[in-house]
Amino acid sequence: IVNIDNVGSGNVAWITKEGMVRRYQSDRRLMSGARRAATENEIRVKGQEYQGLSTDATPALARGYRAMSVMAFDINGRLPDWHWTTDTVSNIDESNLETATEFVTALLREL
């Protein structure tokens with residue numbers, strides 16, 4: 001499972017661990033593929049932990065499924081505009097969507 005969430009602005013990253021209280025490590029094979037995809041395709045994406053509200057991958061990880069999220073963060077490590085009045089189409093950075101698409105496509109090819 002590759003969960004794509006909040007990639008409209010900020011720096012795109014694959015999530016290495018996620019969860020609010022209990023932290024769940026993303027699938028090792030997916031993270032290895034993510035590293036290769038980013039390096040071999042020269043995509044500026046890196047791994048990052050996420051300790052915030054659950055993503056759609058969190059329940060899957062908690063149940064032992066192979067999963068990993070792809071998200072984007074601001075310079076302070078937060079999700080830009082997340083659930084704020086500024087969370088609008090006008091604040092989406094098209095280049096972010098292109099980066100996320102290129103990265104996930106390369107990741108899937110690695111698998």
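Let's start with a quick one: where is D81 found? D81 is in the loop between β5 and α3. By the way, helices (H or I, at least four residues) and strands (E, at least two) are DSSP runs, numbered from the N terminus.

Before I go on, the housekeeping. This is a predicted model, where local features need pLDDT of at least 70, side-chain atom pairs count only at pLDDT 80 or more, and totals for chains, interfaces and linings use all residues. Residues are numbered from 1 along each chain as its sequence is written, and side-chain values use heavy atoms, with hydrogens and water left out.

Back to D81. Its phi is near 60°, a positive value in a residue other than glycine. D81 is partly exposed, because its relative accessible area is 23%; the cut-offs are under 20% for buried, over 50% for exposed, and partly exposed in between, with a 1.4 Å probe and protein chains only. N6 also has a phi near 60°, again positive and again not a glycine. You'll find N6 in the loop between β1 and β2, and with 24% relative accessible area it is partly exposed.

T85 sits in the loop between β5 and α3. At 76% relative accessibility, T85 counts as exposed. T85 and D27 are 58 residues apart along the chain, and their C-alpha atoms are separated by 34 Å.

Now, the inside. Which residues touch the most other members of the largest nonpolar core? They are V12, W14, A34, V45, M68, V70 and F103, out of 18 residues in that core. A core here means buried Ala, Val, Leu, Ile, Met, Phe, Trp, Tyr and Cys residues joined through side-chain atoms within 4.5 Å. The elements giving two or more residues to it are β2 (11–18), α1 (28–40), β5 (68–73) and α3 (94–110). Another core, of six residues, lies apart from it, with Y50, M71, F73 and L79 among them. In soluble globular proteins, nonpolar side chains tend to be buried together.

Take F103. Skipping neighbours within four places in sequence, F103 is in contact (heavy atoms within 4.5 Å) with W14, A34, A37, A38, I43, V45 and V70.

α1 and α3 pack at an angle of about 120°, axes 8 Å apart. Axes are lines fitted to C-alpha atoms, for helices over the stretch in contact, and angles run from 0 to 180 degrees between N-to-C directions. So α1 is oblique to α3: under 35 degrees would be roughly parallel, over 145 roughly antiparallel, 65 to 115 roughly perpendicular, and the rest is oblique. On the α1 side we have L30, G33, A34, R36, A37, A38 and E40, meeting F103, A106, L107 and E110 in α3.

Staying in helix α3, there's E102. E102 counts as partly exposed, at 43% relative accessibility. E102 touches N41 and I43, not counting residues up to four places away in sequence. E102 and A37 are 65 residues apart in sequence, yet 9.4 Å apart in space, C-alpha to C-alpha.

Leaving out residues up to four places away, N3 touches T55, D56, A57, M68, S69 and V70.
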